[in-house]
Amino acid sequence: MKRSALRISFLSILATIMFGPLLWLFVSSLKTSDEIREKPFALPETPRFENYSNAFEQGNFDRYVFNSVLVTGASVLGLIVVSSLAAFALSRLEFRGKNFLLLLFLVGMVIPTQTYLLPLFHELRIIGLFDTYFALILPYIAFELPFAIYIMHAFFLSLPKDLEDSARIDGCSTLGIYFHIMLPLIKPAIATVIIVTSLSFWNEFLLASWYINDEDLATLPRALSSFATRRHGVDYSLLLAGVSILTLPMLVLYLVFQRHIISGLTAGAVKG
Amino acid sequence: MGKVTLESVRKVYPSGFEAVSRFDLDVADSEFIVLVGPSGCGKSTTLRMIAGLEPVTEGRIQIAGRDVTNVHPKDRDVAMVFQSYALYPHMNARANMEFGLKIRKTPKDEIARRVSEAAALLGIVDLLDKKPATMSGGQRQRVALGRAIVREPQVFLFDEPLSNLDAKLRSKMRVELKRLHQRLRATMIYVTHDQVEAMTLGDRIVIMSDGKVEQIATPMEAYLKPASVFVAGFIGRNKMNIFPGSVDGGSVRWLAGEIAKVEGPDRGNLVIGLRPENVRLSREQSGSGVNGTIDVIEELGDELVLSILVGTELIAASAPASSGFYRGEEIFISADPAHLHFFDSGTTKRLEL
């Protein structure tokens with residue numbers, strides 16, 4: 001009895017720490033800039049939903065949202081295709097240098113972004129991809145490849161070999177096994193990769209500010225930062241509405257996908 | 001239909017381990033062949049080579065008169081049932097059964113016909129919309145069988161399909177498999193480590209040990225005339241008593257004394273086997289026989305299994321439940337010479353006196 005009370009109060013404190021800022025963000029995004037400055041913790045006198053429409057109309061947010069969705073979506077899609085094929089090959093096929101290759105991929109996880117920021121900048125200029133969507137999409141895919149391969153490789157390994165043999169006898173080619181049997185079975189791994197990486201792509205700022213000059217190609221985080229650093233005063237109500245627009249999709253995505261992460265899809269594949 | 005021929009098939013792994021050495025076998029059309037042996041004897045490897053899942057190091061494999069040694073599994077026209085069932089977990093039973101046919105672009109109505117026929121045959125119509133995770137072991141086994149049947153292959157391959165079932169279900173499925181074979185009249189090659197399954201299912205059985213074929217024979221032949229000490233010890237519900245002995249001057253000496261008399265030339269030292277069910281027990285000595293003491297009695301209801309201490313060796317013998325033997329009783333053991341099995345002590349191969 002006493003212990004559970006202690007637990008509940010501990011969890012309540014944690015929840016307040018986690019949700020407080022979020023709540024503050026959404027409440028404040030409905031206030032005027034003056035209200036935010038003068039009474040930062042008060043409720044809005046009248047909720048100003050027009051902050052959001054203003055963000056889209058005056059702040060050009062429709063463009064930034066589109067860019068962010070495009071870059072994040074294309075990066076996640078490309079990442080899933082490349083990493084699942086690579087992980088499939090590294091886990092289920094036999095070839096020379098397989099372990100070395102896997103190791104090479106995993107080493108990528110420990111290299112910090114800052115080390116290749118500048119070299120990649122020059123590289124992108126040389127091959128003419130600087131200031132295009134690809135300047136973000138390709139590096140994003142490459143950066144998350146080690147993580148995605150790591151997760152999927154482990155998952156592929158956990159699938160019984162008999163399934164593959166059975167599919168082979170049923171008439172599948174190696175690629176057929178990948179599409180018909182393996183890909184549907186690693187859905188939980190794919191869901192995990194989608195959640196984690198889309199969050200990081202969606203919020204990514206460093207590369208987005210280095211490799212994109214054209215305002216029309218800017219993603220949300222970059223656009224918000226230029227909002228916040230405007231010389232002629234910051235429009236807080238617009239900024240916070242923008243931050244809310246940035247935050248909401250990822251919250252929804254997480255809530256939708258989280259139960260898929262843990263679903264035991266392989267249950268019943270083999271005995272017991 | 002499905003004749004299968006293996007010609008000096010050999011399997012050596014990259015590590016140098018020889019899993020199967022020079023395997024020769026002719027499987028007749030619609031024959032039920034069982035490969036049996038202890039784990040690691042190469043029986044599963046042989047089956048996987050027939051399926052095409054394992055490359056053949058040397059030798060040739062033919063299915064239905066066609067050399068398939070280097071043919072992809074999907075083009076061999078075989079279906080396989082795995083010990084783990086290997087049902088696709090993301091598909092329901094119907095999709096599992098349809099999968100192989102869809103991949104082969106079988107017409108839709110043909111697929112539907114075959115699946116419903118197989119489902120009716122196996123009594124799994126109610127399971128068709130269920131996923132493997134919600135089925136019991138026996139149900140999964142049936143679906144796995146159904147998946148093989150709808151393919152209507154030249155040859156069915158079974159890799160220990162009953163090992164994961166409990167004893168009761170196993171004997172039930174054994175009967176069903178036998179019935180299935182009688183109905184389909186298809187060629188079946190079946191791998192098991194269980195000699196009871198081998199004896200009851202096989203038209204012929206192939207007994208293997210250490211990658212070598214010890215004997216290819218009908219179950220009765222293997223029981224009555226085991227080709228080697230290994231087969232003698234492996235086949236039979238109760239393990240055969242096998243001890244060194246000698247045949248000199250018409251006298252078969254085994255354990256502590258003369259167990260029987262035979263006619264024929266002297267053989268000197270050899271290995272002699274006698275099945276528990278063939279041990280002749282008597283309370284008084286008459287003619288040949290050795291003397292022992294009953295050490296343990298196992299009551300199985302219809303019969304007793306006695307462990308009899310003869311000198312320092314334990315001999316197993318079975319006796320009717322009504323025989324009234326008791327622990328500690330002194331007893332004489334002898335044998336009908338026709339029931340004695342003689343093996344060369346060097347090669348361990350069978351000798352006929």
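Predicted model: local features only at pLDDT ≥ 70, side-chain atom pairs only at ≥ 80, totals over all residues.
**Entry 1**

Next I asked myself how many residues of domain 1 of chain A are in contact with domain 2 of chain A. The contact involves 11 residues of domain 1 and 11 residues of domain 2. Together the two domains bury about 800 Å², and 74% of that area is on carbon and sulfur atoms.

I went on to the polar side of this interface. Between domain 1 and domain 2 of chain A I noted 0 salt bridges. The interface does have 3 residue pairs in polar contact, both residues of each pair being at pLDDT 80 or more.

Which helices supply the side of domain 1 that touches domain 2 in chain A? I wrote down helix 1 (2-28) and helix 2 (33-38), each giving at least two residues. Helix 1 of chain A has the largest share, with 5 residues. By residue type, this side of domain 1 of chain A splits into 5 nonpolar, 4 polar and 2 charged.

**Entry 1: Ser28(A)**

I stayed with helix 1 of chain A, where Ser28(A) is found. Is Ser28(A) buried or exposed? My note says buried, because its relative accessible area is 1%, and the limit for that word is under 20%. Leaving aside residues up to four places away in sequence, I listed what Ser28(A) touches: Ile36(A), Pro40(A) and Leu240(A).

**Entry 2: where chain A meets chain B**

Here I turned to the other chain. The contact draws 23 residues from chain A and 27 residues from chain B. The two chains bury about 2,100 Å² between them, with 62% of it on carbon and sulfur atoms.

I counted 2 salt bridges between chain A and chain B. One of them I looked up by name: Arg48(B) pairs with Asp165(A), and the closest N and O atoms are 2.9 Å apart. The chains also have 10 residue pairs in polar contact, again with both residues at pLDDT 80 or more.

On the chain A side, helix 8 (161-170) and helix 9 (174-185) are the elements that give two or more residues to the contact with chain B. Helix 8 of chain A gives the most, with 9 residues. I sorted the side of chain A that touches chain B by type and got 11 nonpolar, 6 polar and 6 charged residues.

A reminder to myself: most residues other than glycine have a negative phi. With that in mind I made a note of two residues.

Ser8(B) has a phi near 35°, a positive value in a residue other than glycine. I located Ser8(B) in strand 1 (residues 4-12) of chain B.

Where does Glu152(B) lie? I found Glu152(B) in the loop between helix 4 (137-149) and strand 7 (155-159) of chain B. Glu152(B) also goes down as partly exposed, because its relative accessibility is 44%.

Terms used. Residues numbered from 1 in each chain as written. Chains lettered and ligands numbered in written order. Heavy atoms only, no water. Contact = heavy atoms within 4.5 Å. Buried area = accessible area lost by both parts, 1.4 Å probe. Salt bridge = Lys/Arg side-chain N within 4 Å of Asp/Glu carboxyl O. Polar contact = N/O pair within 3.5 Å; in protein donor to acceptor, adjacent residues only side chain to side chain. Helix = DSSP H or I, 4+ residues; strand = E, 2+ residues; numbered from the N terminus. Nonpolar A, V, L, I, M, F, W, Y, C, P; charged D, E, K, R; others polar. Buried < 20%, exposed > 50% of the residue type's maximum accessible area, 1.4 Å probe, protein only.
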